[in-house]
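Here are my notes on this one, in the order I worked through them. Have the viewer open while you read.

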Amino acid sequence: MKVFVDRDLCYGSAECAHRVPAVFEFVDGFGVVRPGREETGEDPGVLEAAEKCPSQAIGITGAPGSAPDRP
């Protein structure tokens, strides 16, 4: 599974960083994926962070049953 944050959509709630600090961090007012952590395996916390993101800025590729990828 690969994860990314769309910085155009993210408004910096930091929900992702609170849920999965090993993958996400709060930088310059935006949630970002930590360098080297784009590939997350099957971490259910990442799926939850994407589902609970208030701005729907987290995208995931390669997740079983995931919605189509955003550009």
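Where does A14 lie? Points below, starting with the ground rules.

1. **Ground rules.** Keep in mind that this is a predicted model, where local features need pLDDT of at least 70 and side-chain atom pairs count only at pLDDT 80 or more, while totals for chains, interfaces and linings use all residues. Residues are numbered from 1 along each chain as its sequence is written, and side-chain values use heavy atoms, with hydrogens and water left out.

2. **A14 and its phi.** A14 sits in the loop between β1 and α1. Helices and strands here are DSSP runs (H or I over at least four residues for helices, E over at least two for strands), numbered from the N terminus. A14 is not a glycine, yet its phi is positive, about 70 degrees. For background, most residues other than glycine have a negative phi. A14 counts as buried, at 12% relative accessibility; the classes are buried under 20% relative accessible area, exposed over 50%, and partly exposed in between (1.4 Å probe, protein chains only).

3. **Q56, another positive phi.** Look also at the loop between α2 and β4, where you'll find Q56. Its phi is about 55 degrees, again positive in a residue that is not a glycine. Q56 counts as partly exposed, with 41% relative accessibility.

4. **Overall layout.** There are two helices and four strands, and along the sequence they run β-α-β-β-α-β. Of the 71 residues, 37% count as buried. Taking contacts (heavy atoms within 4.5 Å) between residues at least 6 apart in sequence, 54% join residues at least 24 apart. The protein exposes about 4200 Å², with carbon and sulfur atoms supplying 52% of it; that area comes from the Shrake-Rupley method with a 1.4 Å probe.

5. **Helix α2.** Which residues of α2 are buried? In this helix, residues 44-52, they are G45, V46, A49 and A50. Seen down the axis of α2, the buried residues fall within an arc of 140 degrees, so they line one face of the helix; the arc is taken from the directions from the helix axis to the C-beta atoms. P44 and E51, on the other side of α2, are exposed. The cover over the buried residues includes β1 (2-5), α1 (15-19), β2 (24-27) and β4 (58-61).

6. P21, in the loop between α1 and β2, is partly exposed at 45% relative accessible area. Its C-alpha atom is separated by 9.9 Å from that of V46, 25 residues apart along the chain. D8, in the loop between β1 and α1, is exposed at 77% relative accessibility. D8 and S55 are 47 residues apart in sequence, with 9.9 Å from C-alpha to C-alpha.

7. **The cavity.** How many cavities of 30 Å³ or more turn up? The count is one. A cavity here is a set of points, on a 1 Å grid over the protein atoms alone, where a 1.4 Å probe fits but cannot get out; lining residues have an atom within 4 Å of a point. Points are joined across faces, edges and corners, and the volume is the space filled by probe spheres set on them. The largest cavity holds about 80 Å³. Of its 13 lining residues, C10, S13, C16, C53 and S55 are the closest to the centre. The lining divides into nine nonpolar, four polar and no charged residues, with Ala, Val, Leu, Ile, Met, Phe, Trp, Tyr, Cys and Pro counted as nonpolar, Asp, Glu, Lys and Arg as charged, and the others, Gly among them, as polar.

Key
1 Å grid on protein atoms, 1.4 Å probe; cavity = no way out; pocket = protein on both sides within 12 Å on 5 of 7 lines; lining within 4 Å.
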